[in-house]
Amino acid sequence: MDSSIRGVRSAVNPYEAYVYAYPHKTAYRPLEPLLPLRDVWADEPLDTLFLYLHVPFCEMRCGFCNLFTRTGAPEELTRAYLDALDRQATAVLDALGAQGRDAAFETAAFGGGTPTFLTAPELERLCDIAGRFPGFGAIPLGVETSPATATTDRLTVLADRGTSRISIGVQSFLDDEARAAVRPQKRAEVEAALDRIRAVGFPTLNIDLIYGIDGQTPGTWTHSLDAALAWRPEEIYLYPLYVRPKTGLEHRTREWDDQRLTLYRIGRDHLLAEGYEQVSMRMFRLPGATANGTEYCCQTDGMVGLGCGARSYTSRLHYSFEYAVETRLVRSIIDEYVAEKDFGFAHVGFELDDDERRRRHLIQSLLQVSGLDLGLYRSRFDADPHDHFSAELRSFDDRGWLETTGEVLRLTPEGLAYSDAIGPALFSPHVRARMKSYEVR
């Protein structure tokens with residue numbers, strides 16, 4: 001039996017890793033030779049694409065953050081970055097054919113970093129760059145923000161340019177917990193930002209909260225949940241705190257798995273009692289509410305990423321630029337990006353064979369409440385998932401983590417609680433080896 005499965009059957013770490021994409025960027029490697037984007041996209045379906053623009057700047061770096069971002073970027077750097085984004089857009093549109101006229105986009109997102117680190121005029125330019133792609137302005141747009149940067153002028157630009165979903169990272173409504181997470185903010189600032197967001201008006205508001213912070217208790221966690229619920233956000237994400245390499249909380253080694261599981265269950269049950277429905281381990285939303293089209297269908301859509309921290313996905317290749325967390329290296333990569341003149345090639349990536357494509361589909365489907373459509377899997381891969389992943393699925397089933405209803409295989413409520421163990425257990429040996437050999441920078 002595979003050692004990863006033996007590990008799941010014995011002592012289970014419920015917080016092995018957050019699998020928001022497969023494979024992880026630490027499995028990417030430099031592509032030799034570089035691949036022309038025209039070749040990468042030549043035989044790909046272009047009718048349901050997802051446009052993503054990455055802004056690698058923040059006003060501060062939170063202690064739990066391992067995102068590709070830098071703080072304190074001067075105006076000349078943000079201007080140069082937007083210039084580079086514009087050049088990259090030209091190359092990508094050319095690769096998509098007839099300056100992008102052969103492509104159709106269904107949804108878009110601005111992420112980071114913090115996109116609203118940019119000033120209102122800079123956000124206008126960001127939208128102008130995105131507007132070069134077919135449909136932008138008419139398709140749903142999701143944007144991430146922070147309490148300090150959610151100013152009325154910025155929010156107004158985003159609303160005027162078609163933003164349908166705003167996501168704000170609050171993490172905790174208690175000042176001492178925010179400080180413990182190395183996110184120095186005041187509740188008054190958070191409430192003022194939420195006031196501005198609701199006043200400007202967006203169809204969907206998402207609030208991010210974090211559990212597992214030092215000093216957090218069931219009582220303080222419930223306090224933050226109730227504070228968020230006072231705004232009746234259309235969506236709420238509950239994130240477990242992770243201690244990650246090269247971040248401000250890296251050296252905190254206290255074991256707190258039981259605490260996080262307890263707080264997760266409290267949060268889940270509290271939101272369900274308040275009328276929210278669960279979409280995944282992390283995501284909860286009001287019934288009838290959607291992300292206004294900003295959901296990303298990871299099984300079928302191509303992802304076109306612009307920016308030095310953005311990924312792009314085709315059916316056979318995931319590609320990006322170099323990845324780092326350390327401040328010095330992040331700044332170096334951003335500097336290289338803004339100096340780049342030829343964006344017509346994929347530099348760093350991961351090529352997916354048939355096994356990796358099956359794994360990706362299984363992971364991304366199974367970690368959603370909606371589960372894995374068995375008929376869809378068979379139609380795509382000419383076999384049942386149990387034929388490809390019998391040991392893994394049997395292990396999950398033995399633990400009471402799986403259930404089958406008709407043609408849908410899904411996680412039980414307890415299985416959802418262990419999503420961050422189930423996802424990594426499905427990684428291929430090849431991906432595991434690459435991630436293990438990656439030098440964290």
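**Figure 1. His361 sits in helix α11.** Helices (H or I, at least four residues) and strands (E, at least two) are DSSP runs, numbered from the N terminus. The model is predicted: local features need pLDDT of at least 70, side-chain atom pairs count only at pLDDT 80 or more, and totals for chains, interfaces and linings use all residues. Residues are numbered from 1 along each chain as its sequence is written, and side-chain values use heavy atoms, leaving out hydrogens and water. Is His361 buried or exposed? His361 is buried, with a relative accessible area of 1%. (Buried means under 20%, exposed over 50%, partly exposed in between, for a 1.4 Å probe and protein chains only.) The His361 side chain also makes a polar contact, at 2.8 Å, with the side chain of Arg380. (A polar contact pairs N or O atoms within 3.5 Å; within protein, one must be able to donate a hydrogen and the other to accept it, and residues adjacent in sequence count only if both atoms are side-chain atoms.)

**Figure 2. Helices α11 and α12 pack together.** Their axes lie 12 Å apart, at an angle of about 165°. (Axes are lines fitted to C-alpha atoms, for helices over the stretch in contact; angles run from 0 to 180 degrees between N-to-C directions.) The two helices are therefore roughly antiparallel. (Under 35 degrees is roughly parallel, over 145 roughly antiparallel, 65 to 115 roughly perpendicular, the rest oblique.) The crossing of α11 and α12 is right-handed. (That is, the near helix is turned clockwise from the far one by less than a right angle; left-handed is anticlockwise.) On the α11 side, Arg357, Arg358 and His361 make the contact. (Contact means heavy atoms within 4.5 Å.)

**Figure 3. Helix α12 spans residues 374-381.** Leu374, Tyr377 and Phe381 are buried here. Seen down the axis, the buried residues of α12 fall within an arc of 60°, so they line one face of the helix. (The arc is that of the directions from the helix axis to the C-beta atoms.) What do these buried residues pack against? Their partners are α11 (354-366), β16 (372-373), α13 (385-388), β17 (402-405) and β18 (408-411). Now look at the two ends. At the start of α12, a side-chain oxygen of Asp373 comes within 3.0 Å of the backbone nitrogen of Gly375. After the helix comes Asp382, with a positive phi near 60°.

**Figure 4. Helix α3 (residues 75-96) packs with helix α10 (residues 327-339).** The angle is about 55°, and the axes are 8 Å apart. The pair is therefore oblique. The crossing of α3 and α10 is left-handed. From α3, the contact uses Leu77, Ala80, Tyr81, Ala84, Leu85, Arg87 and Gln88. From α10, Ile334, Asp335, Tyr337, Val338 and Ala339 take part.

**Figure 5. Helix α5 covers residues 152-160.** Which residues of α5 are buried? They are Arg154, Leu155, Val157 and Leu158. They cover an arc of only 155° around the axis, which puts them on the same side of α5. The buried residues of α5 pack against β5 (105-112), α4 (120-130), β6 (141-145), β7 (163-171) and α7 (187-200). Gly162 follows α5, with a positive phi near 100°.

**Figure 6. Helices α5 and α7 cross at about 35°.** Their axes are 10 Å apart. The crossing is right-handed. Thr152, Leu155, Thr156 and Ala159 of α5 meet Arg196, Ile197 and Val200 of α7. Pro203 lies in the loop between α7 and β8 (204-211). Pro203 is partly exposed, at 46% relative accessible area. From Pro203 to Ala159 is 44 residues in sequence and 9.8 Å in space, C-alpha to C-alpha.

**Figure 7. Two prolines follow cis peptide bonds.** Most residues other than glycine have a negative phi, and most peptide bonds are trans. Tyr22 and Pro23 are joined by a cis bond with omega about -5°. Pro23 is in the loop between α1 (3-9) and β1 (29-36). Glu32 and Pro33 are also joined by a cis bond, with omega about 0°. Pro33 is in strand β1.

**Figure 8. Gln171 and Arg232 have positive phi.** Gln171, in strand β7, has phi near 75°. Gln171 is buried, at 9% relative accessibility. Arg232 has phi of about 45°. Arg232 lies in the loop between α8 (218-229) and β9 (235-240). At 38% relative accessibility, Arg232 is partly exposed.

Conventions:
The arc is that of the directions from the helix axis to the C-beta atoms.
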